[in-house]
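Take a look at the structure below. Then follow the text through it, step by step.

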Amino acid sequence: MPKDSNGLTLDGQGKPLWLSLELTYRCPLKCSWCNNPLDFDDYAARELSTEEWKRVLRESRELGALQLGFTGGEPLQRTDLEELVSYANELGFYTNLITSGIGLTEERLVALKAAGLKQIQLSLQATEAAVTDALVGATAHERKLDAARRIKAHGFPMVLNMPVFRQNIGMTDAMIAWAAELGIEYIEFANIQYYNWALMNRDELMPTLDQVREAEQVVQRWRDKLGKKMTIYFVIPDYYEGRPKACMNGWGAIHLTIAPDGVAMPCQEARVIPGLEFESVRDKPLAWLWHESPLFRKYRGLDWLPEPCVSCDEKEKDFGGCRCQAFLLTGDASNTDPACGRSPHHARVREAVDTAARPLRFRKPLFKRAAGTVTTAFLED
Amino acid sequence: MTIPLTATDRRPQLSPHFMFRWEASQDAYILLYPEGLIKLNPSAGEILKRCDGQHTVAELIAELQAAFPGPADDIDQGVRAFLDVATDKGWLHAGELVKKS
Ligand code: SF4
Ligand code: SF4
């Protein structure tokens with residue numbers, strides 16, 4: 001027997017190990033940082049049926065998918081969620097539910113447990129009801145706390161997810177204190193990504209670098225104090241780092257997302273990029289979509305990379321960053337991610353950071369996620 | 001005082017939120033857990049398979065010594081080292097010290 005004790009690696013070997021199913025974009029909340037499309041309302045009529053989702057589950061297991069996230073919108077809006085969890089569980093997936101907690105009643109929790117659900121990620125925006133409720137545009141705080149307690153009571157491992165922006169970053173300390181008291185093992189401080197609704201509200205949402213650093217110190221103090229009792233994820237947003245994130249571990253490398261209408265995507269935001277052809281599992285086999293479709297091949301691997309990435313030795317680590325961010329900030333998805341200090345467009349990111357740091361400025365109200373808030377006609381041609 | 005996992009009478013067991021199984025598409029044992037997955041190398045798989053809350057550390061070492069070639073001492077040390085790492089990573093908990101009834 002070899003003596004190696006932990007030579008454990010994970011290489012997708014071309015398999016979509018992580019599958020995200022966006023069951024619906026319907027949601028009772030109105031978050032101003034929501035990453036759903038601006039025209040989310042148009043998807044309701046096109047959602048896949050229960051049988052269609054089951055076929056997606058079968059085909060993705062055949063492709064080697066293992067981790068599965070049910071997300072949205074609010075996945076609890078689908079009354080067949082339990083049935084899909086149960087089916088996925090039988091197929092051998094590790095099933096995760098990503099929820100706002102709204103609609104997570106005792107009955108549904110019992111049913112989800114029975115269906116074999118393994119893990120729940122619950123979002124919470126603030127430690128004070130007035131702040132949460134204002135941010136999500138509904139009386140949600142108490143219901144979320146209630147959901148957290150129930151999830152714990154049913155013995156689910158739980159990730160508490162706090163999307164972080166200027167309005168709540170000062171509550172980092174209080175949030176960890178609250179979670180520690182409830183015995184939550186994982187907290188993720190998700191510095192929001194500025195796409196879709198979040199991009200519309202970016203100037204209002206983006207924290208200053210000082211705020212980010214301070215929150216980072218708070219997190220470090222708690223890590224020292226709590227040790228192994230709690231795992232705290234806190235990732236500095238790439239806007240401040242001068243280096244892009246290895247978005248999705250590379251385009252079409254290990255992540256596969258299916259939108260409510262069955263469109264297969266390399267990441268949840270990919271549809272913001274114009275000129276790509278998005279195809280649905282309704283029309284094509286999933287194996288073809290993943291392996292062969294022009295969409296997934298477009299930015300897969302390193303061959304398509306532009307300068308300065310081509311001659312940079314970081315390229316195997318970050319694959320040139322995020323395609324959606326490159327498009328949104330430079331107008332061309334094939335450019336180096338402008339979050340990178342070596343990008344000729346890095347000034348756009350610096351400008352946004354500087355705007356956030358300007359002390360006295362006129363504040364605009366946040367746009368709430370709502371149908372018909374903006375016209376998306378310009379996205380269509 | 002905590003008694004080390006590798007204490008010979010321990011019956012190590014997979015932590016509650018971990019799923020351990022054979023995955024044909026990876027041709028390997030895998031561990032699935034919240035937010036992650038790990039493909040295990042063959043020796044790690046063979047050890048974890050026996051971390052069922054029934055085998056004591058001594059028993060699982062003896063089984064592996066019988067099943068695999070190589071110096072018995074190396075296997076003994078390799079297994080204990082792995083159990084330490086796996087416990088540290090939270091995959092395993094030490095199990096009861098009391099004898100199986
Ligand atoms: S971010 Fe808010 S509005 Fe968007 S899906 Fe999640 S809970 Fe609903
Ligand atoms: S130049 Fe390209 S490869 Fe190099 S660090 Fe920047 S984004 Fe990454």
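This is a predicted model: local features need pLDDT of at least 70, side-chain atom pairs count only at pLDDT 80 or more; totals for chains, interfaces and linings use all residues.

**A walk through the model**

Pro308(A) is found in the loop between α12 and α13 of chain A. Residues are numbered from 1 along each chain as its sequence is written, chains are lettered from A and ligands numbered from 1 in the order in which they are written, and side-chain values use heavy atoms, with hydrogens and water left out.

Stay with Pro308(A). A cis peptide bond joins Glu307(A) to Pro308(A), with omega about 5°. Pro308(A) also belongs to the residues around ligand 2. A residue is near a molecule if one of its heavy atoms lies within 4 Å of it. Around ligand 2 we also find Arg243(A), Pro244(A), Cys309(A), Cys312(A), Glu314(A), Lys315(A), Asp318(A), Gly320(A), Thr336(A), Cys340(A) and Arg342(A). Sorted by class, this shell has 5 nonpolar, 2 polar and 5 charged residues. Ala, Val, Leu, Ile, Met, Phe, Trp, Tyr, Cys and Pro count as nonpolar, Asp, Glu, Lys and Arg as charged, and the others, Gly among them, as polar.

Now turn to ligand 1. Which residues surround ligand 1? They are Cys27(A), Leu29(A), Cys31(A), Cys34(A), Asn36(A), Gly73(A), Ser100(A) and Arg369(A). The shell around ligand 1 has 4 nonpolar, 3 polar and 1 charged residues. The peptide bond from Gly72(A) to Gly73(A) is cis, with omega near 10°. Gly73(A) lies in the loop between β2 (67-71) and α2 of chain A.

Next come the helices. Two packed helices are described by the angle between their axes and the distance between the axes. Axes are lines fitted to C-alpha atoms, for helices over the stretch in contact, and angles run from 0 to 180 degrees between N-to-C directions.

Begin with helix α2 (residues 81-91) and helix α3 (residues 106-115) of chain A. Their axes come within 8 Å and cross at roughly 20°. The two helices α2(A) and α3(A) are therefore roughly parallel to each other. Angles under 35 degrees count as roughly parallel, over 145 as roughly antiparallel, 65 to 115 as roughly perpendicular and the rest as oblique. On the α2(A) side, Leu81(A), Glu82(A), Val85(A), Ser86(A) and Asn89(A) meet Arg108(A), Ala111(A), Leu112(A) and Ala115(A) of α3(A). Contact means heavy atoms within 4.5 Å. By class, this contact has 5 nonpolar, 2 polar and 2 charged residues.

Further along chain A, helix α6 (residues 172-182) packs with helix α9 (residues 209-226) at an angle of about 25°, their axes 9 Å apart. That makes α6(A) roughly parallel to α9(A). Thr172(A), Asp173(A), Ile176(A), Ala177(A) and Ala180(A) of α6(A) make the contact with Ala215(A), Val218(A), Val219(A), Trp222(A) and Leu226(A) of α9(A). Here the classes are 8 nonpolar, 1 polar and 1 charged residues.

Move to chain B. Are its helices α2 and α3 parallel or oblique to each other? Helix α2 (residues 57-67) and helix α3 (residues 72-88) of chain B pack at about 130°, with their axes 10 Å apart. So α2(B) and α3(B) are oblique to each other. Val57(B), Leu60(B), Ile61(B), Leu64(B) and Gln65(B) in α2(B) meet Ala72(B), Ile75(B), Asp76(B), Val79(B), Arg80(B) and Leu83(B) in α3(B). This contact has 8 nonpolar, 1 polar and 2 charged residues.

Last, go back to the loops of chain A. Met248(A) sits in the loop between α10 and β8. Met248(A) has a positive phi of about 55°, although it is not a glycine.

Methods: Helices (H or I, at least four residues) and strands (E, at least two) are DSSP runs, numbered from the N terminus.
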